[in-house]
Amino acid sequence: MKRVEAGGTPVCLAHAEDGNFYALNDICTHEEFFLSDGELWGLDVECPQHGSRFNLETGKVTGLPAVIPAKTYPVKLEGDEIYVEVPD
Amino acid sequence: MATVPKIEVGADYKEKYGFFVPEEYVFKAKRGLNPDIVTEISWMKQEPEWMAKMRLRSLEIFRKKPMPKWGADLSVIDFENIFYYLKASDKQSKTWEELPPDIKATYDRLGVPEAERKFLAGVSAQYESEVVYHSLQESLTKKGVIFTDTDSALRDHPELFKEYFGTVIPPADNKFAALNTAVWSGGSFIYVPKGVHVEIPLQAYFRINAENMGQFERTLIICDEGSFVHYIEGCTAPIYTTDSLHSAVVEIIVKKNARCRYTTIQNWSTNVFNLVTKRAMAYADATMEWVDGNLGSQITMKYPSVYLMEPGAKGDVLSVAFAGKGQHQDAGGKMIHVAPNTTSTITSKSISKAGGRTSYRGHIKIYPGANNCKSFVKCDALLLDDESRSDTYPYNDVDAENVTLGHEATVSKVSDEQLFYLMSRGIPRAEAETMIVNGFIEPFTKELPLEYAVELNRLIQLEMEGSVG
Amino acid sequence: MALTAETLDQLQGEPGWLRERRQNALAAYETLQLPSKTDEEWRRTDVSRFNAAEYSKLEHLDGLKLERPSGLPAGVILKPLREAAKDHPDLVEPRLFSLVHADRDRFAALHAAFFTGGTFLYVPDGVEFDQPVLGQHFSHAGGNSVLPHTLIVAGRGARFNYLDEYIAEDDTEAGYRSGSTEIFVGEGSQVGYVAVQKWGRNVWHFADQRAELQKDSNLRLFNVTLGGKFSKTRVEASLAGEGSNAELKAIYFASGEQFFDFHTLQDHRVGNTRSDLLFKGALQDVARTVYAGLIKIEKHAARSDAYQANRNLVLSDKAKATSIPMLEIDNNDVRCTHGATVGPVDPEHLFYLRSRGIPETTAKRMLIQGFFGDVLDRIPFEHARKLVEAELEARIG
């Protein structure tokens with residue numbers, strides 16, 4: 001997992017065990033810590049501070065204490081380049 | 001005026017709860033906390049690999065997380081001086097007679113078997129780390145109700161268990177949730193199927209007997225749609241000169257239209273640190289009620305919470321805390337409104353005496369979109385002398401539309417007028433004060449089953465006489 | 001450019017002791033950490049986008065305009081603070097930053113190092129006057145720091161009123177502002193103090209107000225917060241003498257993207273003291289407010305009476321209000337009550353007014369005015385009350 005900036009938006013870019021890349025807003029919806037500092041659990045990312053979990057694909061909360069889903073962004077792979085599409 | 005039940009004066013905690021029996025253990029892990037102890041606990045329990053891994057990871061989280069900077073002073077806890085796992089009996093009994101005589105005598109003295117005969121549908125008795133006795137009325141078993149200890153549930157209901165365990169309170173939630181997840185043992189597992197109402201309460205009794213014991217029970221309750229259950233827990237321990245640690249995690253899921261009531265009468269001896277995480281998720285039109293009484297322990301930090309996940313969900317916390325000499329009760333509640341049209345109330349009553357300190361700490365959070373919510377918090381504190389202290393720390397965050405939130409608190413002493421009135425009628429001062437205190441906490445006692453209400457009033461009387469601690 | 005020791009060169013002609021004090025505050029500023037999200041006081045208050053370096057041009061004397069009441073009694077000293085520091089070191093030196101500590105946090109240190117003027121008012125024992133002192137602080141050119149500091153000393157039995165008004169000439173300019181106040185409320189004195197903060201909507205504002213009350217004194221302190229994109233105000237009363245009485249009231253109206261933070265303290269250090277706090281605010285659009293207040297009754301402060309209330313009127317679905325009223329009570333012979341509410345305009349009241357044929361917008365405006373009504377009545381003197389009513393009228397409009 002890696003933190004990247006896209007157009008001023010902090011993005012958590014994850015390379016998951018299924019081989020795919022996923023991107024979601026890096027700010028945990030619970031207390032605003034960075035998800036990219038956390039750990040991957042299958043297709044979930046776990047916030048390092050309080051253990052909230054979000055599904056990488058949908059952003060859905062899969063474990064409290066967060067309750068608001070994370071924003072997810074489409075990822076495109078072109079050769080060695082990874083593109084994350086963040087709306088304005 | 002509230003009436004005080006006739007009770008014998010002069011009995012004290014040591015007599016009634018504070019006794020201990022000589023230690024005899026089937027297995028006692030070494031003092032201290034390390035990966036070997038954690039692995040050993042998991043091995044003793046013959047757990048699946050995922051749980052062993054989760055325990056070790058939680059230990060790492062526990063190590064990394066700082067101690068809370070707020071609340072009570074926890075710096076005195078020596079985590080290396082604690083026994084994390086003690087097994088007192090090699091099997092779990094279904095009748096009291098099968099128990100080792102010492103343990104049976106303990107529960108007899110605490111009146112648990114008698115209570116079971118009279119007014120309980122099921123009983124679980126935990127002694128140190130393991131549940132030693134378990135029963136559930138057959139009619140409930142037939143309806144599909146599961147009431148078992150949490151270790152057996154992992155073995156016997158692995159899918160149900162794995163679906164919910166740690167989803168309400170993840171190990172990283174806080175330092176003590178991480179500790180519990182690393183070394184948990186015992187606790188209750190309850191599943192109430194759709195539409196089933198368990199009309200009479202289920203009870204668990206937690207007992208610490210050994211010195212420097214750490215008790216880390218883990219409770220998971222799932223109320224399926226339209227069901228109801230009332231679960232009661234009680235806890236006591238002997239009085240030692242060195243400290244014990246009780247750090248439980250309780251996770252509850254209350255599904256659509258279901259209702260769960262969780263009642264605690266915490267009466268640990270005043271050498272126990274009681275650091276507990278309790279959290280429930282309430283779905284559409286479900287109701288979660290925490291009835292939380294904290295009388296014992298040296299330090300308690302406990303804030304039962306309800307996540308109101310879907311419209312119509314309702315959460316209640318009714319909390320009573322009594323802090324005598326050397327005690328700090330840091331208690332309260334949290335209501336997290338995630339969905340619109342959800343309601344919550346927190347009522348807190350606290351009493352401080354002889355230098356004791358009570359703190360109410362609460363959080364009401366209304367998330368964006370959770371419109372038309374209502375939440376009301378009422379805290380009343382009674383200070384019985386000028387040695388004692390009371391604090392109120394309510395956090396209220398409103399991020400939604402058309403929300404009505406109210407918080408009120410008062411701090412007062414026993415009024416001279418009331419006292420004078422009673423004493424002028426020939427009631428001795430101490431007894432008059434007890435009557436006033438019992439009147440003060442009546443909103444709490446009236447929510448308890450009668451037998452517990454009587455017991456609570458008796459405990460208050462003991463505290464008021466200063467015979468405890 | 002940053003705010004550094006060179007910046008201090010903009011402030012010439014000060015006595016050595018003041019220079020030294022500024023240097024110490026600057027040193028504190030440089031060692032103190034920025035508050036982090038795990039500090040309770042700053043958990044909901046994001047200062048990460050505040051960059052003091054952007055505002056390194058200090059506004060000289062902060063455009064202070066002092067209106068002296070006509071016929072000020074003899075012995076009253078009223079002059080710009082920097083002037084008073086030169087002329088009356090005996091009065092100023094022991095008091096300046098003795099209530100508002102320079103090393104409390106990074107922002108207090110920044111203010112103490114670079115404060116750009118402000119007012120000194122000294123009212124000797126037994127002196128009374130009716131007409132209020134008016135201090136108006138203007139900001140001029142954009143991109144600067146305007147950091148006035150007010151120091152008020154009330155002698156025994158003195159009685160007077162004071163108004164600080166923070167005024168933006170250009171509502172859109174960006175900048176760094178602070179308006180801190182220290183009030184020494186002498187034995188038996190009666191002081192009314194009103195601060196009306198209406199800086200522009202793009203400024204960062206930090207204010208520390210602290211009053212110390214001696215025996216049988218009476219303070220009525222009133223805050224009005226309307227301006228700034230970010231405004232953090234600490235209001236603290238230390239009840240140090242028996243029989244003292246502090247009334248702390250405030251109104252705030254937050255709209256657009258404004259963020260307001262209030263931290264209050266009612267510190268009852270001795271017995272037989274009274275404090276009464278009421279903070280009332282309305283929020284609309286995407287505004288956010290935080291109120292956190294503490295009543296502290298210290299061990300020997302028996303027979304104290306403290307009241308604290310925060311009421312929030314939320315007028316939009318995107319506004320956010322946080323309210324944290326706290327108590328720490330260490331004595332049982334006291335009366336303490338506090339309360340907080342967050343809620344919308346009462347639909348029943350709205351319905352009633354509409355049923356009388358009053359259009360919805362008018363009805364809402366009436367209800368907002370009604371909401372502020374009881375606290376407006378507590379503004380200590382007429383001049384300030386009229387000013388605040390007009391400001392509110394314009395905003396609710």
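Student: Is strand E10 (residues 180-185) of chain C enclosed or open, and how many of the residues there are buried?
Tutor: In this predicted model, strand E10 of chain C is largely enclosed by the rest of the structure, because six of the six residues are buried.

Student: Which residues sit on which face of E10(C)?
Tutor: One side carries C:Ser180, C:Glu182 and C:Phe184, and the other carries C:Thr181, C:Ile183 and C:Val185. Both faces are covered, and these residues are all buried.

Student: What about strand E7 of chain C, parallel or antiparallel to E10(C)?
Tutor: Strand E7 (residues 148-154) of chain C and E10(C) run parallel, joined by six bridges. If you want a pair to look at, C:His149 has C:Ser180 in E10(C) as its bridge partner.

Student: And how many bridges link E10(C) with strand E12 of chain C?
Tutor: Five bridges, again in the parallel sense, with E12 covering residues 202-213 of chain C. There, C:Phe184 of the buried strand has C:Glu212 in E12(C) as its bridge partner.

Student: Let's stay in chain C. Where is C:Phe260 found?
Tutor: C:Phe260 belongs to strand E16 (residues 259-268) of chain C.

Student: Why is C:Phe260 called buried?
Tutor: Because 27 other C-beta atoms lie within 10 Å of C:Phe260, and the cut-off for a buried residue is 20 or more.

Student: Which residues is C:Phe260 in contact with, leaving aside neighbours within four places in sequence?
Tutor: The contacts are C:Thr225, C:Ser231, C:Tyr252, C:Ala254 and C:Thr289. Take C:Thr225 as one of them: C:Phe260 and C:Thr225 are 35 residues apart in sequence, with their C-alpha atoms 8.1 Å apart in space.

Student: Zooming out, what domains does the assignment give for chain C?
Tutor: The domain assignment gives domain 1 (5-344) and domain 2 (345-397). Their C-alpha centres lie 26 Å apart.

Student: How many residues are in contact between domain 1 and domain 2 of chain C?
Tutor: On the domain 1 side there are 21 residues, in contact with 16 residues of domain 2. The elements giving two or more residues to the domain 1 side are strands E8 (159-168), E11 (190-198), E13 (218-225), E15 (245-254) and E17 (274-283) of chain C. By residue type, that side divides into 14 nonpolar, two polar and five charged.

Student: And the largest nonpolar core, how many residues has it got?
Tutor: It has 269 residues, and those with the most contacts inside it are B:Val254, B:Cys260, B:Ala282, B:Tyr307 and B:Leu308. Domain 1 and domain 2 of chain C both give residues to this core, so it lies between them.

Student: What is B:Cys260 in contact with, leaving aside neighbours within four places in sequence?
Tutor: B:Cys260 is in contact with B:Ile221, B:Cys223, B:Val229, B:Ile252, B:Val254, B:Ala280 and B:Met288.

Student: On to the interfaces. How many residues of chain B are in contact with chain C?
Tutor: 32 residues of chain B are in contact with 29 residues of chain C. On the chain B side, strand E23 (389-398) and strand E24 (404-413) are the elements that give two or more residues. That side splits into 12 nonpolar, 11 polar and nine charged residues.

Student: Which strand of chain C is E23(B) joined to?
Tutor: E23(B) is joined by six bridges to strand E20 (residues 320-329) of chain C, and the two run antiparallel. B:Asn396, for instance, has C:Ser323 in E20(C) as its bridge partner.

Student: How many residues of chain B are in contact with chain A?
Tutor: There, 10 residues of chain B are in contact with seven residues of chain A. The chain B side is made up of eight nonpolar residues, one polar and one charged.

Student: What order do the strands take in the open sheet of chain A?
Tutor: Its four strands follow the order E1-E2-E3-E8, with antiparallel pairing. The edge strands, E1 (2-6) and E8 (72-73) of chain A, each pair on one side only. Two bridges join strand E3 (residues 21-25) of chain A to E8(A), where A:Thr72 is the bridge partner of A:Leu24.

Terms used:
Residues are numbered from 1 along each chain as its sequence is written. Chains are lettered from A and ligands numbered from 1 in the order in which they are written. This is a predicted model: local features need pLDDT of at least 70, side-chain atom pairs count only at pLDDT 80 or more; totals for chains, interfaces and linings use all residues. Two residues are in contact if their C-beta atoms, placed from the backbone, lie within 7 Å. Ala, Val, Leu, Ile, Met, Phe, Trp, Tyr, Cys and Pro count as nonpolar, Asp, Glu, Lys and Arg as charged, and the others, Gly among them, as polar. Two strands pair if DSSP finds at least two bridges between them. A nonpolar core is a set of buried Ala, Val, Leu, Ile, Met, Phe, Trp, Tyr and Cys residues joined through C-beta atoms within 7 Å. A residue is buried if 20 or more other C-beta atoms lie within 10 Å of its own, exposed if 12 or fewer, and partly exposed in between; C-beta atoms are placed from the backbone. Domain bounds come from an automatic or database domain assignment.
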